[in-house]
Amino acid sequence: MAIVKIISFGRLKEILDSDLELEAENSDDLLNQLNEKFHQLKDLKLRIAVNQKIISENIELKNNDVVALMPPYSGG
Amino acid sequence: MLNLERYDRQIKLQGFGIEAQEKLASAKVLVIGAGGLGCPVLQYLTAAGVGNIGIVDDDRVSPSNLHRQILYTTNDIAKLKTEAAFERLNAMNPEVKIDMISERITIKNAVQILSDYNMIIDCTDNFPTRYLLDDACRILKKPLIFGAIYQYEGQVAVFNVPDKEGSATHYRNLFPQPPKPDEVPDCNDAGVLGVLPGIIGTILATEAIKLITGIGEPLINRLMTINVLDYQTAIFEIPAENLKDQNFPSTITEFEKMNYELHCGIDLKGITNMSALEFNKIAELPDTIVIDVREPDESPKLEIPYLSIPLSQLKENSKQIKQKNVILVCQSGKRSLAGAQVLNEILGSDYNISHLEGGINQLNTEINE
């Protein structure tokens with residue numbers, strides 16, 4: 001288990017309300033916890049980055065990792 | 001011949017010189033969207049001496065554009081954005097050849113329009129056009145500079161340009177699947193701080209100048225995010241991996257068969273798009289109801305009788321609707337379209353469901369004309 005910091009962007013900032021810290025084994029585990037905690041996150045097309053690298057597969061998390069949650073923006 | 005005096009202060013720069021200025025003069029850049037992002041991009045690229053700039057936009061200037069779309073003046077309201085922009089830019093730097101393309105970019109005209117330019121800048125304001133552009137640029141192998149904004153935050157990235165290892169990424173590497181229509185509010189619905197597109201647009205122009213002249217390190221395969229409230233910026237690596245979901249075109253023939261509205265979850269079947277002109281004629285006919293799906297505190301209010309049901313409560317309140325002709329309205333036409341889809345599913349084909357395209361914004365622009 002690792003304690004990681006979560007930062008969020010765009011509309012996700014409103015849903016998560018503030019940056020937070022959670023304990024999780026890997027990125028899938030973390031996402032499940034977040035979906036459980038914030039139902040509005042479910043089904044949103046968000047992208048996840050761990051330590052500023054966007055990930056597509058589940059990865060193991062380490063203490064002090066920074067996980068960013070990003071939605072697409074449409075405005076121009 | 002280069003006008004050495006006009007460009008003196010950048011030619012002087014170490015690492016720039018006449019060579020870089022000549023590269024700018026022979027560049028052909030296409031800017032899609034002449035709105036919040038497009039205005040500063042156009043201004044700086046024109047001032048910098050990019051040889052040929054194309055502007056694609058079919059929209060007209062409306063009063064609510066003016067706080068951020070700084071190419072336009074109060075006198076430009078109701079004018080085509082391409083024409084108003086041309087006037088200003090041509091006065092700023094008559095040495096730049098500016099093409100006005102007063103159309104919406106579509107699967108039919110995209111290949112032809114894009115072919116004339118060697119760099120594309122995405123300053124659009126909706127997902128169907130963003131995915132359309134990403135696919136077209138990927139297939140045509142055109143460098144694509146991408147910018148997008150939300151309230152106080154911006155995103156910038158450079159796509160279709162190989163990095164040192166030779167790999168290139170696309171918008172689909174960042175967001176493989178389009179969000180649902182009601183998932184991400186746009187500037188019309190969520191609001192935007194006027195300076196934000198100024199900052200993000202200026203970065204887009206910077207990336208264009210860097211790519212053309214070969215200076216610095218453009219945001220190739222990287223996403224930069226900026227928040228103007230706390231100046232938190234971050235740069236994320238975008239993975240150059242094969243896209244799993246094959247639901248996108250890889251040839252021109254496949255591209256020209258795409259339906260990007262449907263691709264982005266916008267199903268127009270059974271829903272009529274109503275223009276402002278038609279709306280004014282039809283809204284007060286018998287057996288017709290107008291429903292404003294905005295929140296009750298939003299303005300301007302409609303000047304005709306209407307029912308107020310916010311989009312989030314439309315499903316529960318659909319039984320209230322007795323009339324056969326239902327017209328939905330909102331600020332920009334986005335929520336009304338989502339609402340029309342909701343009602344279409346519940347009420348079905350016994351009802352004529354339509355929505356005001358472009359929303360109340362459009363209504364006001366056309367009345368002003």
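Chain A has two helices and five strands. Going along from the N terminus, their order is β-α-β-α-β-β-β. Before I go on: this is a predicted model, and every value I quote is computed from it.

Now the overall form of chain A. The C-alpha trace spans about 40 × 25 × 20 Å along its principal axes. As for burial, 36% of the 76 residues in chain A count as buried. To be clear about that word, a residue is called buried here if 20 or more other C-beta atoms lie within 10 Å of its own.

Next, contacts inside chain A. Take the contacts with a separation of 6 or more: 54% of them come from residues 24 or more positions apart.

That leaves the interface with chain B. How many residues of chain B are in contact with chain A? The number is 31, and they meet 17 residues of chain A. On the chain B side, the elements that give two or more residues are three strands of that chain: E5, at 144-150, E6, at 153-159, and E8, at 232-237. Which of them gives the most? That is E8(B), with four residues on the side that touches chain A. Sorted by class, this side of chain B has 17 nonpolar residues, eight polar ones and six charged ones.

To recap, chain A runs β-α-β-α-β-β-β, and 17 of its residues are in contact with 31 residues of chain B. That is what I have.

Technical notes
Residues numbered from 1 in each chain as written. Chains lettered and ligands numbered in written order. Predicted model: local features only at pLDDT ≥ 70, side-chain atom pairs only at ≥ 80, totals over all residues. Contact = placed C-beta atoms within 7 Å. Nonpolar A, V, L, I, M, F, W, Y, C, P; charged D, E, K, R; others polar. Buried ≥ 20, exposed ≤ 12 C-beta atoms within 10 Å, placed from the backbone.
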